[in-house]
Amino acid sequence: MAAAAATGGGSGPPTGVRFVPLLGVHGRGPLSYLLVLEGFTFLLDCGWNDAYDTQLLAPVLASLPHIDAVLLSHSDPAHLGALPYLVGRCGLAAPVYATTPVHKMGQMAMYDQYLAQQAQSDFDVFNLDDVDAAFARVTPLRYQQNMALGGKGAGIMVTPFGAGHLLGGAVWRIRRNGEDYVYAVDCNHRKERHLNGTVLESAFQRPALLISDAWNALRMAPERPNKEQELLAAIMATLRGDGSVLLPIDTAGRLLELVLLLERHWSEHRLTYPLVLLSAMAYSTLEFAKSQLEWMNEALVRQLGHARDNPFSTRFLKLCGSREELAHLPHGPKLVLASMPSLEAGHSRNLFADWAEDPRNAIIFVMTAAEGTLGERVQQLAGTSTEAGRAPPPPPLQQQQRPDDKQQLAAQAQGLPSGAPVPGGHAQQPAGQQQGRQGQEGQEAPRVQMVRYRRVPLEGRELEKYLQAQAEAAAAAAAEAAARDMEVEAAAAAATAAAEVEGGSPRSGGLLSPRASGAVPRINSRSIGHLKSSGGLGEVVAADGVPVEELREEAVAAAACLVEGFEAPRGAVAPMFPFEDEWEHVAHDEYGASLDYADFDAPEARGFKTMQSELADEAKAEDAGGMPPDIATKVESGNITVTVRARVLFFDFDGRSDGRSLRTMLAHVAPRQLILVHGTTEATAALADHMRRELAGLLTEVHTPAAGEAVELPAEASFRLALSDELMAGIKLHRIGDNKLAWVEGLVGPPAEGSESQLPQLLPSAAAAAGEDGGYGGVFIGDVRSVGAQAGTGGGRHCL
């Protein structure tokens, strides 16, 4: 049996690889990149920000006709936010690949985004139908599941690997001719409560290309136990100080890590403060998380197996889908996790406006706010600047210490000595800014200008205009539908009359025919068309020139349809009982006796009809009792000034690798070509300089392209050979680690007879056949998977 091998050498000119960053370079904006591999174009992520400005997507729209496949790495809008718009409004028809959690969690995130935007504006960039259509195109994959592409992408294989950061987050490997092209952004090497770390460092060695990010290149992340204790201490200090905590969070990503942490803390300390998740998709998110434990940390799987306790079956977390549900909870201190983290929309924006002026409250950020958002402005005003690549300065001691009894109790609850300051206080102010509260040391609290939106019912003249417009639209739609129905019925009747004149229809005149039941009334054909003389009686055509016989065939097929919404194809055989519904129009049998169709119902059918009748009666009774119909509303907006007297804190729960870990991983992977994206200009430049020095001995090229700047990468030429059985019988393999290595000397010959692959064979050379030792000596190959060759006339030497 012949084995296939990829060797270095050349059998034609090399084909290049082209990378074009569309969005997400030299900044912290959404991500979207193009990777062109031998004429096949991948769109790597298609993110969008909370502003949903279509101008931002201009580079993506310009490349839309050339996109052959889309790869999604994470489930947040920064990685897939533009997918509903591209599919639903721009006609993107390429297949989309993602892991199952990215597919489902991403869909719920976009549902929440739409509902949040619709609550504060007449949002029409996309709708829920566009979201459904977009995610219906997604092909879900498991980790390390190889997906071989077909058609134009024949020979290309894509495979997702674990990335950490978010549930189902993927590092994508694109393999072509034995070369690996890896897309790995927003990875996390640390093992968390609900996720394992990324496999980037262990799964890849010397790929041809690695596309990575520089988000945290200059940041050193704190240890997990320390930051968790500081976060909990800050929360408990606020609650015990009779204040409430607003924690802006995403819909279905880092939320899961916070839910496990807070649920455990509430359970261990038997706290009675309300712990609330305020999101339109709160219930759906946790329900799906319960069924996705195989994608999470092994400890959660063991917990489910041993204790039969799903970690996301929360006991203390209360789910609220609206502010009305939140208002029904007991008054007093509470912790509310609300979407969105940017404060640009959603419940977090309104809660911030309501709670920020109370000095007892706290606004705690656990995710870096996106550029240009209200969340970023609030963090900067409060002195908790979290610009990527810069760690927040340590908080000053005088702002950490609060010598009241409630603060001391909070410190004791965390196991701190009496009088010790509770971690998590205000961070150092940037130069030129002063932080404080009204009435504290005479300092003035910072102010934030924002626009507040609210939906209110239409009243008076506006309501009358709206109802009139709705009535006119409904009347126009009904008239149009009636006109279409009359045209079809008239066309069918005219065609039937013409057929009778020619000799009669084989199905006319029967008891259950359309004519007998009245389903197709007799109408003069001249009322809907005219006769075209073409011999005999001519052809009946409609006013638009379409032959009436064609319209009649469509009408008969529709009438014979047994399932609503199903259209019978042309030329299809008629069903055995084509006019089943026409029994409803027959009141008497052939002998004149009245028919009662209830006599023919089975007992279970009678019970079902009785239940349907009861439900219909209940619905009518509810309508008669004053059930509110859909209320017409409008959006009102106004500029307000919010004085931020509440404490504003930041704790890094982004779930990304810090700078030191990122540099270590990239050095270990040691790609031959490295492209850095998604980070500030300073962080990108610093990481690029470090990697050039670190990988100088391996001749790695490091690229930091600007938006729209193409990076042309030469693809190493290669061809495939089949090792002949005679050659395989003479090779001596030596194990090196998990691999086996051998020198092979042979001649390239024609394909083997009867071989399905039709690959050229590598045959034993004369020296090998004589048993002579070539004695090539040692060669450093760097990676046992790399393949080298020295081409000669009529043959070659190959290292496998």
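Q: How many salt bridges does a search of the whole structure find?
A: This is a predicted model, and a search of the whole structure finds 26 salt bridges in it.

Q: Which residue forms a salt bridge with R455, and how far apart are the closest N and O atoms?
A: The partner of R455 is D122, and the closest N and O atoms of the pair are 3.2 Å apart. As a general point, side chains of opposite charge can pair when their charged atoms come close.

Q: Which residues in helix 4 meet helix 5?
A: On the helix 4 side they are V102, H103, G106, Q107, M110, Y111 and Y114, and these meet L128, V131, D132 and F135 in helix 5. Sorted by class, the contact of helix 4 with helix 5 has seven nonpolar, three polar and one charged residues.

Q: Changing topic, how do helix 7 and helix 8 pack, at what angle?
A: Helix 7 (residues 224-240) packs with helix 8 (residues 255-269) at an angle of about 60°, and their axes are 12 Å apart. That angle makes helix 7 oblique to helix 8, with a crossing that is right-handed.

Q: What meets what in helix 7 and helix 8?
A: From helix 7, the residues E228, L231, L232, I235, M236 and L239 meet E257, L258, L261, L262, H265 and W266 in helix 8. By class, this contact of helix 7 with helix 8 has nine nonpolar, one polar and two charged residues.

Q: What about helix 20 and helix 21, how far apart are their axes?
A: The axes of helix 20 (residues 659-669) and helix 21 (residues 681-694) are 10 Å apart, and the two pack at an angle of about 40°, which makes helix 20 oblique to helix 21. Their crossing is right-handed.

Q: Which residues meet there, in helix 20 and helix 21?
A: L662, R663, L666 and A667 in helix 20 meet L687, H690, M691 and E694 in helix 21, and the residues of this contact divide into five nonpolar, one polar and two charged.

Q: Now the backbone: which residues does a cis peptide bond join?
A: A cis peptide bond joins S339 and M340, with omega at about 25°, and M340 is in the loop between strand 16 (335-338) and helix 12 (347-355). Separately, N177 has a positive phi of about 55° although it is not a glycine, and N177 is placed in the loop between strand 10 (170-176) and strand 11 (179-184). For context, most residues other than glycine have a negative phi, and most peptide bonds are trans.

Q: Where in the chain is confidence lowest, and where highest?
A: Confidence is lowest in helix 14 (residues 397-400), at a mean of 32, and highest in strand 5 (residues 69-71), at 98. The mean pLDDT of the chain is 78, and 70% of its residues reach 70 or more.

Q: Over which residues does pLDDT stay under 50?
A: One such stretch is residues 384-441, for which the model has 121 contacts beyond four places in sequence. Residues 504-540 also have pLDDT below 50, and that stretch has 72 contacts in the model beyond near neighbours in sequence. Where pLDDT is low, the predicted coordinates should not be read in detail.

Conventions
Residues are numbered from 1 along each chain as its sequence is written. This is a predicted model: local features need pLDDT of at least 70, side-chain atom pairs count only at pLDDT 80 or more; totals for chains, interfaces and linings use all residues. Side-chain values use heavy atoms; hydrogens and water are left out. Axes are lines fitted to C-alpha atoms, for helices over the stretch in contact, and angles run from 0 to 180 degrees between N-to-C directions. Helices (H or I, at least four residues) and strands (E, at least two) are DSSP runs, numbered from the N terminus. Angles under 35 degrees count as roughly parallel, over 145 as roughly antiparallel, 65 to 115 as roughly perpendicular and the rest as oblique. A crossing is left-handed if the near helix is turned anticlockwise from the far one by less than a right angle, and right-handed if clockwise. Contact means heavy atoms within 4.5 Å. Ala, Val, Leu, Ile, Met, Phe, Trp, Tyr, Cys and Pro count as nonpolar, Asp, Glu, Lys and Arg as charged, and the others, Gly among them, as polar. pLDDT is the predictor's confidence in each residue, from 0 to 100. A salt bridge is a side-chain nitrogen of Lys or Arg within 4 Å of a carboxyl oxygen of Asp or Glu.
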